[in-house]
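Open the model in a viewer and keep the selection tool at hand. The stops below say what to select next and what is there.

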Amino acid sequence: MATFLNNPTIRGWVFQILFVLVLGWFVWDIIDNTSRNLQKANIAAGYGFLERTAGFGIVQKLVPYTEASSYGRALFVGLLNTLLVAGIGIVLATLLGFIVGVARLSSNWLVSRVAATYVEVLRNVPLLLQLFFWYFAVLRSVPGMREKWSFLGIFHLNIGGLHVPKLILGESAWMIFAAIPVAIAVMIFVAKWGHERQSRTGIRPPIGLINTAVLIGLPVIAFFIAGRPLHISMPVFTETGPLLRRGFQTDSGMTIIPEFLGLLLALSLYTAAYIAEVVRSGIQAVTRGQTEAAASLGLRPRQTLRLVVLPQAMRIIIPPLTNQYLNLTKNSSLAVAIAYPDLVAVGGTVLNQTGQAVEVVSIWMIFYLGLSFLTSAVMGYFNKRVALVER
Amino acid sequence: MNKPGSAFVRDSLLPARAPPPNSVGIVGWMRQNLFSTPLNSVMTVVILVFIVWAVTPFFRFTLVNAVWTGEDRQACATATGACWAYVKAYLPQFIYGRYPIGERWRVDVVFWTLVVGLIPMLIPRAPYKRLNALFLLTVFPVIAYILLTGGHHQFSGRWIPNSWMSPSPLRFAVEYALVSAAVFGVSTLFSWMSGRPITGSWRTLGFILGAFAIVLALVSLDFGLVPVETANWGGLLVTLVVAITGMVASLPLGILLALGRRSNMPVVKLASTIFIEVWRGVPLITVLFMASVMLPLFLPDGVTFDKLLRALIGVALFNAAYMAETIRGGLQAIPRGQYEGAQALGLGYWQMMRMIVLPQSLRISVPGIVGSFISLFKDTTLVIIIGLYDFLGQIQASANDAKWASPVTGLTGYIFAAMVFWAFCFSMSRYAAYTERRLDRGRR
């Protein structure tokens, strides 16, 4: 008996069986309590409520939605809004983050100090506070509905949001969008051809120039072939006439709601500070020997950066960078604090109206978990591809 | 040395000349760091202009045009600068929330006890680290709990049917004794069957159960303190309570999860991995929503948690997942030889972890742990969304108060909040950097 109990394998299994039993009992208890509590509150479990009419409006929608649409539709609108703010936020944060990260390593003392200050200030103040600052303190102190501030003559800001020109797509506008993947395919081909040519003859064709021309040229050509299907609708601002009709007219231009602007500003400025640190440490992780070796091979500083430092730095930068992208997406759920209708905010409204707490929270979790598993799968694949092949 | 044809070779060293004047002093520094190339010069000028453009209005708002004294909104109604008078008037609320004014000394006592306990903990050379940590992790929480809530917790027991014993502290004590006896029994049975010495596990169990009994007894004693409901807590008090409790609760949980994820037992490993990845994959807001709307559903009838406790549970579980990953990083940094050495000495799993592996890996993880404490501290602001009034929540709420409402009140509040949060977080990150440097030196 004693030897039997002291056998580590057997003890391991006994422990695991006990663990599963306790866990199972715990989960069963929770499910049991939940179903009893739901019964008492008269809430039917299940996702049937998604078909019911929502009955509330949403200020920003990328797909048609009215108060008569279903809860499911409302959540879908919220999901698209999350993706929109996260997508644009990621682009802005990456641009700014790379600039600040490189600036921190600048030989110019002032530039690196300013970049460091930016990082230290933004990283050490809660995102929610920054969001409140941008939304309540900045975007609420702009002119009222009947006035405006204008930049460059085409961007107008007032309490209703940012009013910008709107692109109206004609019927054959799809040709322009179809030209973009074609252009990318051509670019990849050109890059391959150029590389092959360089290793054969030693002369490097101007790939960058050709590719830029292709990327801009093909869509422009498509634009003309399709018969110029793009029109621009400028925001119309009326200063005279009946008082209630003054201000920006609803059917002209495009209005970006202040909630979106505030969230976008806060998210991208905050995440940019983190991305800057990622970029800085990535570049610093490339040893000096690499730069010196490149210089002794006769590479110019620009070439050294492009061909030697950046490829190695990117290998270090990209995993934490995707982490930051995920963080940004998850942080976009702070939208609920300023009532930007993202998945969590819309879900919160649905939750309050229906009381379907378990279902709504599960939808949130499935979305965010799915996103992070997808990202980590892509990252795993990427890591395998770029990881150093060690012998 | 004088070969023919080398008559002009100098045979003594010239005294060193002074460096050119434009490479030393302020001028030299500026040439090197600000104006080394034309591009750099342009950038310097542009940045200087930007700084003047951005910083001047900031100082004009916060200092020059600021209103420092006043009784109500009249003082700031026409101000073009920060309304510090409002911050001064509301400061007690920002710190204590709606904690009864006569009882605020209790919060002060807790705060200063924490400071006194924490400072020697943070100074590497201060002695009695072990005792100090023991104080902070056992004595202090009990003191804080009793002082902040008022103690005098009524235990009434749960399992013994009412017909046998009416609900009373005595019933709870009997139940506690029964559970303790059962634990002792199981441990004795196990020791007897596996042929291990019995005294060791008895001592450990007796110590844990005894200490827990003392804590429960203290909490249930009546010290004559007025009970203060957590609904009345607010401000910096809530921020610190959520952050510190979240941190302290998540540390042991994080250690267990990290060990679980590296365990050889597949079931434990799978469960820990799923737990960690699920919490890390979702935003804190959904966790808080879950804690506030779903937790009540999970509980049996008659058991209710107050809002603050629910938020605490959510924050602790969420943070534990992040903590687990930080600690796992530390565990991975311990060379295999340490594990093998411990096993060769005949140490069991928990002995090996407690005496060999964890002390080393936790020390490596200190910067990471402080880092996750900083993000936890910032994240506590999210409790606003489930209706708790933390520091930021108090400020947000007071900005709309009619007594002080003015165009600058809100902005002043935000600037003040930002300064406080920044001071906390920045000093913590500096401390983390300092420890990192110190550890680096130790390892080299």
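Start by selecting residues 236–432 of chain B, a span that is 79% helix and 0% strand, with its end C-alpha atoms 23 Å apart. The model is a predicted one. An unreviewed UniProt entry gives these residues of chain B the feature "domain: ABC transmembrane type-1".

Next, colour chain B by its domain division: domain 1 takes 48–94 + 400–444, domain 2 takes 153–221, and domain 3 takes 239–388. Between the centres of domain 2 and domain 3 of chain B, taken over C-alpha atoms, there are 27 Å.

Stay in chain B and select Cys76(B) and Cys83(B). A disulfide connects them, with an S to S distance of 1.8 Å. How many disulfides does a search of the whole structure find? The search gives one over all chains. Look along the S-S bond of Cys76(B) and Cys83(B): the torsion is about 70 degrees, so the disulfide is right-handed. Is Cys76(B) buried or exposed? Cys76(B) is buried, at 0% relative accessibility, and Cys83(B) is also buried at 0%. Another cysteine to select is Cys425(B), which is buried with a relative accessibility of 0%.

Now show the aromatic side chains. A cluster linked by ring pairs is made up of Tyr86(B), Tyr90(B), Phe94(B), Phe377(B), Phe391(B), Trp404(B), Phe416(B), Phe421(B) and Phe424(B). Over all chains, the count of aromatic pairs is 34. One to select is Phe367(A) with Tyr368(A): the ring centres are 4.9 Å apart and the planes stand at 70 degrees, so this pair is edge-to-face. Phe367(A) is buried, its relative accessible area being 12%, and Tyr368(A) is buried with 2%. Go back to chain B for Phe111(B) and Trp112(B), whose ring centres lie 5.1 Å apart with planes at 75 degrees, so the pair is edge-to-face. Of these residues, Phe111(B) is partly exposed at 34% relative accessibility, whereas Trp112(B) is exposed, with a relative accessible area of 52%.

Two arginines come next. Select Arg280(B) and Tyr322(B): the arginine lies over the face of the tyrosine, 5.6 Å from the ring centre. In chain A, Arg123(A) is over the face of Tyr274(A), and here the distance to the ring centre is 5.7 Å.

Remain in chain A and select residues 12–31, 74–103, 115–137, 174–194, 206–226, 260–279, 334–351 and 363–382, which an unreviewed UniProt entry annotates as "transmembrane region". Which share of residues 74–103 of chain A is helix? That span is 100% helix and 0% strand, and 43 Å separate its end C-alpha atoms. Residues 174–194 of chain A are likewise 100% helix and 0% strand, with end C-alpha atoms 30 Å apart.

The last stop is Val100(A), in helix α3 (residues 71–104) of chain A. Val100(A) is buried, with 9% relative accessible area. Leaving out residues up to four places away in sequence, what does Val100(A) touch? Its contacts are Ala115(A), Tyr118(A), Val119(A) and Ala276(A). To finish, draw a distance from the C-alpha atom of Val100(A) to that of Trp28(A): these residues are 72 residues apart along the chain, and the atoms are separated by 51 Å.

Notes. Residues numbered from 1 in each chain as written. Chains lettered and ligands numbered in written order. Predicted model: local features only at pLDDT ≥ 70, side-chain atom pairs only at ≥ 80, totals over all residues. Heavy atoms only, no water. UniProt positions renumbered as here; feature names shortened; annotations may be inferred. Helix = DSSP H or I, 4+ residues; strand = E, 2+ residues; numbered from the N terminus. Phe/Tyr/Trp six-rings, centres within 6.5 Å; stacked < 30°, edge-to-face > 60°. Buried < 20%, exposed > 50% of the residue type's maximum accessible area, 1.4 Å probe, protein only. Lys NZ or Arg CZ within 6 Å of the ring centre and 35° of its normal. Domains from an automatic or database assignment. Contact = heavy atoms within 4.5 Å. Disulfide = S-S within 2.5 Å.
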